[in-house]
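This report looks at selected parts of one structure: a strand and its partners, a helix, and the surroundings of a ligand. Please keep the sequence and the model at hand while reading.

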Amino acid sequence: MNKLPKASFQITKKIWLNGKLTNWENANVHVLSHALHYGSGVFEGIRFYETKKGPAIFRLKEHIDRLFYSAKALQMKIPYNHTQVAEAICKTVRVNKIPAGYIRPLAFFDYGKMGLNPTGATVSLAIACWPWGSYLGGKPIRVKTSKLIRLHPDSVVADAKVCGHYINSILASLEVKKAKFDEALFLDYRGFVAEGPGENIFFLKKGVLQTPRLGSILAGITRDAIIQIAADLGVKTREGNYKLRDLYSADEAFFTGTAAEVQPIGSLDSRKIKNGKAGELTTKLREIFLAAVAGEAPKYQKWLTVVGS
Ligand SMILES: Cc1ncc(COP(=O)(O)O)c(C=O)c1O
């Protein structure tokens with residue numbers, strides 16, 4: 001297999017691949033890997049943060065559980081158990097000596113089979129991590145509803161993080177970036193608000209925090225954290241089916257996600273949400289979330305796994 005030269009886009013030193021920590025330039029796959037052709041892989045996006053106890057991973061257990069759930073959707077057997085994957089993730093963060101960033105575990109059907117049915121292909125697992133700052137910047141962003149709808153839940157396992165599903169997200173991102181917006185919003189096949197290409201959405205109206213119900217969206221781990229933080233503030237979240245007009249007339253709106261964290265939405269389809277500024281509850285939730293991930297909120301310490309030295 002070709003060895004890549006060290007390049008300026010090298011973002012990490014060591015990548016865990018099938019049980020071994022390899023140098024970045026050696027973490028390669030064969031061009032006849034099944035996943036490269038058909039998107040038959042599953043992945044997670046996890047963040048780790050700088051804390052007083054060193055780098056700590058946010059909700060590691062939930063991310064690993066979701067990785068295995070996604071693999072099951074593809075009838076893929078990851079050749080490691082949950083504990084081994086957790087240890088491999090912590091080890092990858094430790095050896096790279098990065099204080100804070102993003103972790104990408106990816107399990108995929110590798111070589112050995114070229115037909116659509118992947119049965120018989122080897123399953124590989126790669127884990128990489130790299131430094132990564134804010135994804136959408138934290139200041140109120142301009143969102144546009146995509147012309148594409150979210151994947152139909154009867155066509156795919158919509159709440160699994162399957163690589164191939166992300167073509168839907170990529171197309172919507174390309175569409176709205178071309179129109180000079182910051183991020184896309186999907187409606188589902190019924191015309192109800194679904195989610196962003198890599199984020200869940202919340203809005204506040206008349207004091208009620210609301211978010212699309214599960215069904216055709218990813219069950220975001222940040223979404224769940226925000227529902228818990230809001231509940232601890234005495235704010236109940238209503239999960240329902242919403243139309244765009246509910247969002248246009250909202251008092252506040254924000255995205256949540258591992259990459260986006262808590263991201264205020266300033267406008268949707270060029271209509272300002274209220275005054276276009278980050279709302280009071282959004283700001284409060286964002287502050288508590290950022291304190292939680294930094295290990296500064298004792299109540300949410302349970303969400304952190306310190307990687308150790
Ligand atoms: C389509 C989609 N929706 C929502 C989310 C947010 O999920 P989480 O908070 O678990 O990162 C993500 C990111 O993983 C995603 O890809």
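## Terms and numbering

Two strands are taken to pair if DSSP finds at least two bridges between them. Helices (H or I, at least four residues) and strands (E, at least two) are DSSP runs, numbered from the N terminus. Residues are numbered from 1 along each chain as its sequence is written. The model is predicted, so that local features need pLDDT of at least 70 and side-chain atom pairs count only at pLDDT 80 or more, whereas totals for chains, interfaces and linings use all residues.

## Strand β5 and its partners

Strand β5 (54-58) pairs with β16 (residues 304-306) in the antiparallel sense over three bridges, and within this pairing F58 has L304 of β16 as its bridge partner. With β4 (46-51), β5 also pairs in the antiparallel sense, here over four bridges, and E50 has P55 of β5 as its bridge partner. A hairpin of two residues joins β4 to β5.

Four of the five residues of β5 are buried, so the strand is mostly covered; a residue counts as buried if 20 or more other C-beta atoms lie within 10 Å of its own, as exposed if 12 or fewer do, and as partly exposed in between, with C-beta atoms placed from the backbone.

## Helix α3

Helix α3 (residues 82-96) has 15 residues, and at 1.5 Å a residue it should span 21 Å, which agrees with the 22 Å between its end C-alpha atoms; the expected span is 1.5 Å times one less than the number of residues. The buried residues of α3 are V85, I89, C90, T92, V93 and N96. They lie on the same side of α3, because they cover an arc of only 155° around the axis, the arc being that of the directions from the helix axis to the C-beta atoms.

The face turned away from this buried side carries the exposed residues T83 and E87. Elements that cover the buried residues include β1, β4, β5, α2, β6 and β7, where contact requires C-beta atoms, placed from the backbone, within 7 Å. After α3 comes K97, whose phi is positive, near 50°.

## Surroundings of the ligand

Around the ligand there are 13 residues, of which G220, I221, T222, G257 and T258 come nearest; a residue is near a molecule or strand if its C-beta atom, placed from the backbone, lies within 6 Å of it. Both α5 (221-232) and β13 (252-257) supply at least two residues of this shell, and the largest share, three residues, comes from α5.

The shell divides into two nonpolar, eight polar and three charged residues. Here Ala, Val, Leu, Ile, Met, Phe, Trp, Tyr, Cys and Pro count as nonpolar, Asp, Glu, Lys and Arg as charged, and the others, Gly among them, as polar.

How values were computed. Two residues are in contact if their C-beta atoms, placed from the backbone, lie within 7 Å.
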